[in-house]
Amino acid sequence: MADDSISYNSAYISMNLLDELDFYLGGYGKPNFEFLFTLNTFVETFIGSSSFYTSLNELNHLNLTTSALFPNGRPILNMVVREGGLRFVNGVLEKSGREIYRASTYGRTRKELQQGFIIEYGKRIHSDYFLKSDVGHIIDEIPLVTAKVDDEDFVVSEVLSRSDELVRNLLGVSRTSSIQTTLPIYLYGQQISSLTTTPYSIKALDKIAKTHEANLHELLRSLNYRVLPIPPFANILLGQVTSVSDIPLKLTQLRADYQNLRDKFVEFEQEIAEAPNLKSQLSTFRKFEEFWTTFNHKYLGQRSKIFYGTLDVSKDADLDKGTDSLLDGESLTDSFKDLNLGKLGGNILTKGIQSYKDHKVINRFKGLTNIWELFQDGKGINQQIQHIERLFSVQFSTADINKVHLYVKSKLTDISSQISNP
């Protein structure tokens with residue numbers, strides 16, 4: 001699926017995160033304390049997003065490993081597919097791997113070939129390709145297995161992607177589409193460090209803002225991080241179920257309850273994408289903030305989500321030079337002599353030089369689970385701990401809890417403490 005066909009209000013969901021959810025919610029194991037982040041970030045995405053995506057390699061990986069890892073079924077994956085669909089987006093993982101298995105295709109179906117791989121690899125599939133969130137274990141590479149038919153042989157390859165490379169590719173896709181990312185806790189740090197929170201060139205942005213009769217201060221505010229309140233979705237979910245097996249059905253019901261919210265998100269994203277100029281986009285941004293304030297007014301004990309805006313042009317595009325040339329009255333051809341076209345976003349390149357004059361700086365509403373708020377001592381997290389311990393018959397020790405608190409405090413940047421919302 002091409003990137004420009006990604007639906008409005010969509011989310012990329014890491015297959016590793018879905019594996020974790022299915023493992024614990026499918027009854028295959030007991031969750032650790034890190035699972036609270038996995039559950040919260042997924043619930044926020046599942047209720048708030050209209051459609052879901054992953055990468056083609058991850059879909060291939062899923063087909064190869066699911067029967068070995070989840071022999072009794074995948075309740076969460078099935079729920080995602082049923083409620084929002086699961087399509088693939090290009091540009092996330094596009095690399096070759098090393099061959100780890102080969103078998104002749106003669107007289108065997110694809111299903112039989114996959115089963116042969118599973119039988120031979122056995123327990124290695126679980127140990128090598130199922131990643132559990134554990135802040136005490138550093139994950140530098142994300143392993144996937146993919147299969148293809150090569151010269152009448154069924155070949156399985158292992159693809160290793162550095163975690164920072166994977167996150168950069170994901171955010172690259174998200175900057176040129178309406179998609180946002182839903183990742184495990186061990187990729188949160190890379191996600192934060194890869195985000196551009198400051199406009200690439202204040203000078204260029206100032207000129208763009210003046211060209212579109214927009215206020216620069218408002219533009220910068222719409223691009224920076226900000227904290228917006230959200231309903232305590234995970235607390236609501238956990239407080240309404242009596243067993244783990246109830247969670248998929250109750251989560252589906254909660255998603256249905258917020259259909260109007262998702263429709264509004266789609267409406268805002270479409271207005272921004274189709275706005276004739278930056279001034280109109282900022283007007284939609286104001287409407288979004290007003291709507292959000294009204295929507296959340298009725299919720300008590302609400303949590304917060306970190307939202308941020310991005311630009312869909314590259315840092316290395318020499319935007320100042322091209323803007324200077326245009327504003328100085330030079331021709332479009334002369335203006336583009338100063339622009340690094342190879343670095344500009346796909347919107348400019350595919351629509352041609354003439355469209356540059358009408359090119360929009362699109363502010364898309366992305367969101368991050370507020371990990372600092374989630375793991376603070378307080379009523380919300382204590383309620384979730386009690387619910388998880390009740391539902392899964394587990395007991396989190398002080399050491400378990402302190403280990404995650406220390407990881408968040410020492411390893412991750414506290415964006416929420418730096419935000420000064422107007």
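**Entry 1: terms and ground rules.** A crossing is called left-handed if the near helix is turned anticlockwise from the far one by less than a right angle, and right-handed if it is turned clockwise. I noted that this is a predicted model, where local features need pLDDT of at least 70 and side-chain atom pairs count only at pLDDT 80 or more, while totals for chains, interfaces and linings use all residues. Residues are numbered from 1 along each chain as its sequence is written, and side-chain values use heavy atoms, with hydrogens and water left out.

**Entry 2: α1 and α2.** I looked up helix α1 (residues 15–25) and found that α1 passes α2 in a left-handed crossing. The axes of α1 and α2 (residues 35–48) come within 10 Å and cross at roughly 110°. That makes the two helices, α1 and α2, roughly perpendicular (65 to 115 degrees counts as such). Axes here are lines fitted to C-alpha atoms over the stretch in contact, with angles from 0 to 180 degrees between N-to-C directions. Contact means heavy atoms within 4.5 Å. On the α1 side I listed Leu17, Leu18, Glu20, Leu21, Tyr24 and Leu25, which meet Phe35, Thr38, Leu39, Thr41 and Phe42 of α2. By type, the residues of this contact of α1 with α2 are eight nonpolar, two polar and one charged.

**Entry 3: α3 and α5.** Next came helix α3 (residues 56–69) and helix α5 (residues 110–121), whose axes come within 10 Å and cross at roughly 55°. α3 and α5 are therefore oblique to each other. Their crossing, α3 with α5, is right-handed. I found Asn63, Leu64, Ser67 and Ala68 of α3 touching Gln114, Gln115, Phe117 and Ile118 of α5. The contact of α3 with α5 holds four nonpolar residues, four polar and no charged.

**Entry 4: one residue.** Is Asn9 buried or exposed? Asn9 is buried, at a relative accessible area of 4% (buried means under 20%, with a 1.4 Å probe and protein chains only). I placed Asn9 in the segment before β1 (10–13). Beyond its neighbours within four places in sequence, Asn9 contacts Gly48, Ser49, Ser50, Ser51, Ser178, Arg262, Phe265, Val266 and Glu269.

**Entry 5: the whole chain.** I counted 20 helices and ten strands in the protein chain; these are DSSP runs, helices (H or I) of at least four residues and strands (E) of at least two, numbered from the N terminus. Of the 422 residues in the protein chain, 55% are buried. Among contacts with a separation of 6 or more, 80% join residues 24 or more positions apart.

Terms used. Buried means under 20% relative accessible area, exposed over 50%, partly exposed in between (1.4 Å probe, protein chains only). Angles under 35 degrees count as roughly parallel, over 145 as roughly antiparallel, 65 to 115 as roughly perpendicular and the rest as oblique. Ala, Val, Leu, Ile, Met, Phe, Trp, Tyr, Cys and Pro count as nonpolar, Asp, Glu, Lys and Arg as charged, and the others, Gly among them, as polar.
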